[in-house]
Structure formats: structure tokens, C-alpha cells
There are 2 protein chains.
Amino acid sequence: MSPTLPTFEAIRQAAERLRGKAIRTALLRHDILDERAGGPVFIKPECLQHVGAFKFRGAFNALAKLDPEVRQHGVVAYSSGNHAQGVAAAARHFGVAATIVMPSDAPSVKIEGVQRLGGIIEFYDRETQSREEMAREIAALRRAPIIPAFDHSDIIAGQGTAGLEICEDLEAMGLKADLFACCVGGGGLVAGCGLAFNALSPKTEIWAVEPEGFDDHIRSLAAGERVKNLRTSGSICDALMAPMPGEMTFALNRHQLTGGVAISDEEAMAAMAFAFHHFKIVLEPGGAAALAAVLAEKLDTKNKTTVVMASGGNVDPAIFSKALGFGRAHYDEEDVDV
Amino acid sequence: MSPTLPTFEAIRQAAERLRGKAIRTALLRHDILDERAGGPVFIKPECLQHVGAFKFRGAFNALAKLDPEVRQHGVVAYSSGNHAQGVAAAARHFGVAATIVMPSDAPSVKIEGVQRLGGIIEFYDRETQSREEMAREIAALRRAPIIPAFDHSDIIAGQGTAGLEICEDLEAMGLKADLFACCVGGGGLVAGCGLAFNALSPKTEIWAVEPEGFDDHIRSLAAGERVKNLRTSGSICDALMAPMPGEMTFALNRHQLTGGVAISDEEAMAAMAFAFHHFKIVLEPGGAAALAAVLAEKLDTKNKTTVVMASGGNVDPAIFSKALGFGRAHYDEEDVDV
């Protein structure tokens with residue numbers, strides 16, 4: 001695992017590794033969104049990716065790059081959400097064990113997801129135990145590497161393959177993106193995609209979209225250094241509640257990002273309903289954040305070609321039905337997906 | 001408009017016309033479905049197509065083939081559902097008027113869909129008026145051609161491009177389908193796809209999936225001639241309630257189909273929930289019928305490579321939430337989508 005920042009070349013190599021392994025999700029477009037935005041808008045539907053989120057890309061790339069001698073000991077990760085499933089799926093592909101440190105109160109749908117993929121779950125108590133410490137102990141015991149959720153060059157390079165595909169697919173249509181809107185938790189996805197845009201379409205504006213109250217990237221950009229979120233829970237966007245930007249991701253994002261905007265829970269849910277009605281895709285709240293920013297006119301998309309990342313679709317049916325106007329939401333405010 | 005049966009060459013030509021116009025929907029796959037089926041299963045997610053259903057393919061192909069002199073008078077169609085929106089979208093592309101004859105009690109979501117695409121709606125009363133007669137009158141008055149929903153060679157060839165893409169995408173993975181399961185209303189989609197499979201993968205079994213009580217193809221295959229459904233309403237699969245097989249579609253399907261199976265409303269809803277949970281796609285009940293047949297083990301998929309058509313996703317949020325276990329369904333039992 002290299003400690004240096006990834007380059008565009010690392011994304012190209014990751015794309016080779018992922019060929020035929022990840023789903024090459026096709027860009028979607030709908031007149032009604034173009035009209036709302038005042039220009040063409042393409043959606044990159046990573047909810048259709050394996051494990052229902054882009055996280056498979058980075059996890060697979062990281063595991064593929066491991067020395068087979070090392071990899072045979074299995075891998076360790078901590079995450080209560082999409083990264084957990086991405087690592088479990090990648091480990092399954094390579095026929096090695098994945099141990100995932102998850103909170104004992106993680107949503108059952110995510111626990112089952114990891115178990116179904118053959119992942120070994122080690123539960124920790126949020127009140128009394130440190131997941132990082134627990135993961136380090138397990139990793140030392142098994143001589144197995146830890147696969148971080150975002151702050152790692154192989155993870156960032158893997159996520160960046162989504163950006164590479166966007167650039168290639170637009171190019172095939174004779175287009176370039178003027179604006180790319182991407183949800184941000186730890187910042188790995190937007191960092192990797194930003195690298196791809198910088199290389200292939202350097203004029204594209206890169207915008208971070210964060211949930212209100214979890215605007216650590218927006219505030220870190222303003223401060224010129226990494227600052228923490230003031231809150232640790234309380235957004236419906238469970239996948240976007242990382243406590244602060246990563247060291248590596250921020251080193252890239254501080255130069256690559258044009259800026260950031262924040263969206264509310266209600267705006268995220270309205271975007272989920274919009275995606276249901278017009279795009280027929282299932283988005284989780286965090287996965288709908290970038291679309292929400294466009295629909296709520298928080299980004300200047302007029303007369304621009306815009307690409308919106310729709311990063312994942314792992315959502316509880318109750319929350320989804322609530323977004324559609326039915327049912328009640330029972331989401332766990334403590335559930336941070338990093 | 002040619003009265004002869006379409007050939008595989010017509011599908012190739014339709015694919016050229018649709019290039020860059022229709023979305024080339026990428027096959028989806030999930031381990032959990034493979035495990036349930038006992039072999040690899042690929043989903044063709046035509047819910048992600050323009051207008052949320054495969055119907056755009058046939059409508060666009062039919063309009064593209066019209067003499068521009070004829071096309072400038074606009075086109076006429078009768079449909080309460082997906083075909084209406086497909087014709088309206090294609091007409092909009094060519095900058096001509098689309099008049100759609102719809103029942104006065106059509107679901108508002110479908111009326112709005114056609115209006116949003118610029119379609120002109122002429123309402124008829126189901127009790128006292130014939131939509132076919134009304135469409136003929138409007139067509140004569142405007143000297144505009146009628147675009148049928150399924151029983152037309154250009155429509156069948158257009159829908160067949162979905163089958164062509166399936167064969168091409170499997171070939172790129174070094175695979176051939178052993179079994180193709182496709183929902184059937186009027187039979188245009190399975191007829192066109194069947195042509196593609198016959199040409200490129202002649203050993204593939206082609207199975208029709210129909211709603212219980214609307215098994216006109218299954219009974220027609222048994223009878224050796226076209227027979228009508230005994231019912232005209234009462235399935236949740238509103239898109240699959242055509243009264244009987246088309247003349248042209250049955251001429252193809254009687255030779256191309258291996259057989260047919262019927263699924264219940266409950267099985268369709270369970271498949272919708274399965275697609276939500278694992279594939280993150282929105283399917284309408286009829287669009288989930290083929291998946292339902294696999295999940296309910298009505299087809300022998302064991303040790304076979306199976307392709308499942310997921311034909312559309314135009315579903316009322318209430319029905320969708322009901323499938324997920326929330327909300328009540330308020331569907332209109334009279335709503336036949338042909």
C-alpha cells in the first residue's frame with residue numbers, strides 16, 4: 001500500500017483491474033431534469049454497481065493490488081455500511097476472508113449484506129470500544145492488512161474509475177462536462193473522480209455536496225485546513241457523516257474542488273423521489289445528495305453540461321417509502337458510514 | 001409500413017437508427033440471484049430506458065422509418081401507458097405532433113407523462129367509445145399514420161434491439177444465454193428479442209411470462225391459434241393485459257417460444273421488492289414478471305445462464321410502497337396498457 005497520493009495513471013491501472021469485474025454503469029439522462037437544470041444533465045448511477053454503491057471499485061482495486069502472500073491472510077475493515085460490503089465482495093472474489101468491525105447496533109440490512117457476502121463480523125460497542133483499535137488488534141493477530149474506507153491511494157484510484165468512465169462516455173458523445181457534482185463523506189470518491197476530470201477535462205468545475213451540519217469539506221476549504229464536523233449524527237444521509245476530510249483526500253480535494261454546497265434531509269428525500277419517478281433508480285439519501293443540489297438550484301447549471309454522481313442505493317424500505325410519501329422512517333441517527 | 005414479418009436484418013437496422021438515441025442499458029447481475037437460480041442470471045434493465053420502458057425503442061424505430069413527408073403530419077397512437085410515452089418521446093425527437101387516444105380514466109401519472117413530452121391527448125370513454133375507431137378518425141383527418149403498440153414489423157424490430165444488445169453483451173463476456181425469460185403483453189418485445197436470439201444464439205430457450213388470468217400466449221401456444229384472455233382487468237401487471245396475442249407477434253412467437261409460465265400479483269410484488277433491495281432498480285409489476293418467474297422457481301434455471309427482461313418501471317409510488325411493505329395500492333384495474 002503506497003503512502004503517496006494517487007495519480008491519473010493509477011486510475012487507468014485501476015480501470016484495467018476492474019474491467020469485467022465492476023459494472024460499467026451507463027450514464028442516464030432525462031428531459032425533465034435537463035429542463036429543471038437549464039442544460040443537459042447526466043446521472044452516473046453507481047447505485048447499480050456491485051453491492052449497490054461505488055465502494056466496490058476502491059475495495060476491489062485495493063485488494064487486487066495486495067501481494068497475494070499478504071492477501072491470503074485476509075483483510076480487515078471497519079465500516080457500518082457500503083465500504084463494508086465492498087470489501088466483503090472483493091474479498092469473496094479473491095477467495096480470502098474479510099473481517100469487518102461493525103457497531104453492535106448497525107442496521108440489520110447492512111449486517112445481513114456483509115454476512116451474505118461471507119464477511120466475518122466483529123461487533124463493537126459504540127459507547128465503550130474504539131473500532132480503529134479493535135481493527136488494528138485483529139489485523140495484527142491475523143497479519144492481515146486494514147483496508148481504509150477512503151484515505152488510501154488505492155481506494156481513491158479505484159473510486160476514480162467512475163470519473164474516468166464519465167469522461168470517456170461523454171467524449172464518445174462528443175461532449176465535455178462543464179460541472180461535476182459529487183456527494184462527499186470522507187472525500188475519496190470526489191478526489192478520485194477529480195483526478196480523472198483534471199486529466200481529461202481540466203475545465204470541468206468539481207463541486208462537493210454535503211449534508212447540512214456535515215459540511216466539513218466546505219468549511220475545510222474555507223479554513224485552508226481540515227476541520228471536523230460539529231455533529232456526529234443527525235443527517236438522513238448516513239453514508240456522508242465522516243467526521244472530517246481524510247488527509248490524502250483533502251490534499252487532493254483542496255486543489256481539485258471548485259467549491260461545495262450543503263443540502264437538507266428534505267432536499268435529499270425529494271431527490272430520491274425524483275430519481276424514482278423519472279430515472280427508475282433506487283437512491284439512498286446520501287446517494288441522492290448531488291441530484292438534490294441540482295434540483296434545489298444550489299449549483300449554477302444553466303447552459304452547462306452537468307454530471308451528477310448518484311453514488312449508492314442501500315436504503316431501508318421504510319426511508320424509501322417515506323421519501324415517496326408513504327410509511328415512516330426508522331433510520332438510526334448514529335449510523336455513520338465511513 | 002411493411003406488412004411482412006420483420007427479420008433479424010431489420011433489428012440490425014433498427015439498432016443503427018437507435019444508436020445514441022436509446023440508452024444502451026447495461027446488464028446487471030447479483031450473487032444472491034445467481035444463488036437463488038442455481039446459475040448466473042443477468043437482468044436487462046429496460047426500466048432505465050427513455051420513458052422508463054423498452055417501448056421507446058419500437059416507437060423511435062417506427063417513426064424513424066416513416067417517410068418525412070408522411071411524418072410531418074404527426075402520428076397517432078392509442079395506449080394508456082408506456083407505448084403512449086414512447087410514441088410521444090419519439091415524435092418530440094422528430095419535431096412532429098403525437099396524438100394519443102387515452103381513456104378518460106387513465107392514471108394521472110401517465111397522462112402527465114404524455115403531456116410533459118408534448119403529446120396531444122384525446123380522451124375517450126371506455127364505456128361508450130372505441131379507441132381504435134377514434135384513432136382511425138383522427139388519423140384520417142390529419143393524414144397521420146397510426147403507430148401500433150406491438151403488431152407492426154417496425155415496432156417488433158425496434159423492441160428486438162434489446163435482445164440484440166443482450167446477445168452482444170453476453171458474447172463480449174464469452175457467454176451465451178441458455179434461457180431468456182421475458183414478460184409478454186401483446187408479444188412485441190419477446191417476438192423481437194426472440195428473432196435476435198434465434199439469429200445469434202439459436203439454442204437459447206425463450207420463455208414467455210404472463211400474469212395469471214392473462215395467459216393468452218400460453219393458451220394460444222397450446223391451441224395452435226390465437227385465443228383471447230377470459231378477463232380484461234384484474235391484474236396488478238397493468239402493462240401485460242393485452243386482450244390477445246397480435247397477429248404478427250404470434251406468427252413469430254408460436255415458433256420462437258419454448259413455452260410460457262404465469263405469475264401471481266404477489267409474486268410480481270415480491271420481485272419488485274427483490275429488485276429494490278438487490279439491484280436498486282424500480283420495476284413496475286409487469287416489468288418484474290420475468291424476475292418473478294425465476295424467483296418463484298417457475299423456470300428451470302439450474303446450471304443455466306439466464307437472462308431476465310426487466311421491461312419497465314412506470315409504477316405508482318403507492319403500489320411500489322405496497323410492494324416494499326408500506327402504503328396501500330390504489331391501482332386502476334381497468335388500466336390496460338396496449
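**View 1. Polar contacts between domain 1 and domain 2 of chain A in the predicted model.** Between domain 1 of chain A and domain 2 of chain A, 13 residue pairs are in polar contact, both residues being at pLDDT 80 or more. A polar contact is a pair of N or O atoms within 3.5 Å; within protein, one must be able to donate a hydrogen and the other to accept it, and residues adjacent in sequence count only if both atoms are side-chain atoms. On the side of domain 1 of chain A that touches domain 2 of chain A, the elements giving two or more residues are α1 (8-18) and α8 (153-172) of chain A. Of that side, α8(A) gives the most, with eight residues. Helices here are DSSP runs (H or I, at least four residues), numbered from the N terminus. By class, the side of domain 1 has eleven nonpolar, seven polar and eleven charged residues. Ala, Val, Leu, Ile, Met, Phe, Trp, Tyr, Cys and Pro are counted as nonpolar, Asp, Glu, Lys and Arg as charged, and the others, Gly among them, as polar.

**View 2. Layout of the two domains of chain A.** Domain 1 covers 8-54 + 152-335 and domain 2 covers 55-142, with bounds from an automatic or database domain assignment. Their C-alpha centres are 23 Å apart. The contact (heavy atoms within 4.5 Å) takes 29 residues from domain 1 of chain A and 22 residues from domain 2 of chain A. About 2,100 Å² is buried between these domains, 55% of it from carbon and sulfur atoms. Buried area is the accessible area (1.4 Å probe) that two parts lose on being put together, summed over both.

**View 3. Salt bridge of Arg57(A) with Glu46(A).** The closest N and O atoms of this pair are 2.7 Å apart. Three salt bridges are found across the interface of domain 1 and domain 2 of chain A, the rule being a side-chain nitrogen of Lys or Arg within 4 Å of a carboxyl oxygen of Asp or Glu.

**View 4. Interface of chain A and chain B.** Chain A and chain B each give 34 residues to the contact. The area buried between the chains is about 2,700 Å², with 66% from carbon and sulfur atoms. In chain A, Arg116(A), Lys280(A) and Phe326(A) lose the most area to chain B, together 24% of what that side buries.

**View 5. Salt bridge of Arg92(A) with Glu35(B).** The N to O distance between these side chains is 2.8 Å. Four salt bridges are counted between chain A and chain B, and eight residue pairs are in polar contact (both at pLDDT 80 or more). At least two residues of the side of chain A that touches chain B come from each of α2 (31-37), α12 (265-279) and α14 (317-323) of chain A. That side has 17 nonpolar, nine polar and eight charged residues.

**View 6. Axis relating chain A and chain B.** The superposition is by least squares on the C-alpha atoms of residues with pLDDT of at least 70 in both copies. In chain A, the C-alpha nearest the axis belongs to Ile281(A), 2.3 Å from it. The same surface serves both copies, as 100% of the contact residues of chain A recur in chain B.

**Notes.** Residues are numbered from 1 along each chain as its sequence is written, and chains are lettered from A and ligands numbered from 1 in the order in which they are written. In this predicted model local features need pLDDT of at least 70, side-chain atom pairs count only at pLDDT 80 or more, and totals for chains, interfaces and linings use all residues, while side-chain values use heavy atoms, with hydrogens and water left out.
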